[in-house]
Amino acid sequence: MNIRDGQKFAWDNKLAKGFNTSDVPLEFCLLQGEMAEAFDAWRKDRDTVGEELADVAIYLFGLAEMTGTDLQAEIEAKIAKNVGRVYSRLPNGVLVKDPVEPQT
Ligand SMILES: [Mg+2]
């Protein structure tokens with residue numbers, strides 16, 4: 001399954017089940033909750049880390065659909081952008097993007 005198919009599946013499942021499809025702030029909160037569940041599973045060394053990360057992706061797919069975002073295209077564009085970035089290391093060891101483009 002590619003990202004675009006996942007986004008469609010997540011949206012169709014939301015419609016079929018009567019889940020939230022219009023309250024964007026709520027969806028951001030629910031996504032954050034799933035991220036917390038994934039962290040908690042990892043922190044407690046549970047075998048549900050993958051399932052919780054899948055929940056994160058599913059909520060992200062739904063949020064992308066709610067906001068009119070083609071997540072497949074956005075991720076491909078962002079990866080291409082990231083590959084082309086150049087970083088410099090500050091004296092304290094922190095990596096920073098070279099200042100040839102605005103922060104995104
Ligand atoms: Mg979960």
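The buried residues of helix α3 are Tyr59, Leu60, Phe61, Gly62, Ala64 and Glu65. A residue is buried if 20 or more other C-beta atoms lie within 10 Å of its own, exposed if 12 or fewer, and partly exposed in between, with C-beta atoms placed from the backbone. These buried residues pack against α1, α2 and α4. This is a predicted model: local features need pLDDT of at least 70, side-chain atom pairs count only at pLDDT 80 or more, and totals for chains, interfaces and linings use all residues. Residues are numbered from 1 along each chain as its sequence is written.

**Helix α3 and its end**
- Helices are DSSP runs (H or I, at least four residues), numbered from the N terminus.
- The 18 residues of α3 should span 26 Å at 1.5 Å a residue, and the end C-alpha atoms are 26 Å apart, which agrees. The expected span is 1.5 Å times one less than the number of residues.

**α2 against α3**
- Helix α2 (residues 24-43) and helix α3 (residues 49-66) have axes that come within 8 Å and cross at roughly 165°. Axes are lines fitted to C-alpha atoms, for helices over the stretch in contact, and angles run from 0 to 180 degrees between N-to-C directions.
- The two helices α2 and α3 are therefore roughly antiparallel. Angles under 35 degrees count as roughly parallel, over 145 as roughly antiparallel, 65 to 115 as roughly perpendicular and the rest as oblique.
- The crossing of α2 and α3 is left-handed. That term applies if the near helix is turned anticlockwise from the far one by less than a right angle; clockwise is right-handed.
- On the α2 side, the residues that meet α3 include Phe28, Leu31, Met35 and Trp42. Among their α3 counterparts are Leu53, Val56, Tyr59 and Leu63. Contact requires C-beta atoms, placed from the backbone, within 7 Å.
- This contact of α2 with α3 divides into 15 nonpolar, 1 polar and 5 charged residues. Ala, Val, Leu, Ile, Met, Phe, Trp, Tyr, Cys and Pro count as nonpolar, Asp, Glu, Lys and Arg as charged, and the others, Gly among them, as polar.

**The α2-α3 loop**
- Asp45 follows α2 and sits in the loop between α2 and α3.
- Its phi is positive, about 55°, although Asp45 is not a glycine.
- Asp45 counts as exposed because it has 7 C-beta neighbours inside 10 Å.

**α1 against α3**
- The axes of α1 and α3 are 8 Å apart, at an angle of about 85°. The helices α1 and α3 are therefore roughly perpendicular.
- Gly6, Gln7, Ala10, Trp11 and Lys14 of α1 meet Ala57, Ile58, Phe61, Gly62, Ala64 and Glu65 of α3.
- By class, the contact of α1 with α3 has 6 nonpolar, 3 polar and 2 charged residues.

**α1 against α4**
- Helix α1 (residues 3-17) and helix α4 (residues 71-83) pack at about 145°, with axes 7 Å apart. Their crossing is right-handed.
- Ile3, Arg4 and Gln7 of α1 make the contact with Leu71, Gln72 and Ile75 of α4.

**Gln7**
- Gln7 lies in α1 and counts as buried because it has 23 C-beta neighbours inside 10 Å.
- Leaving aside neighbours within four places in sequence, Gln7 is in contact with Phe61, Ala64, Glu65 and Leu71.

Note on methods: Contact = placed C-beta atoms within 7 Å.
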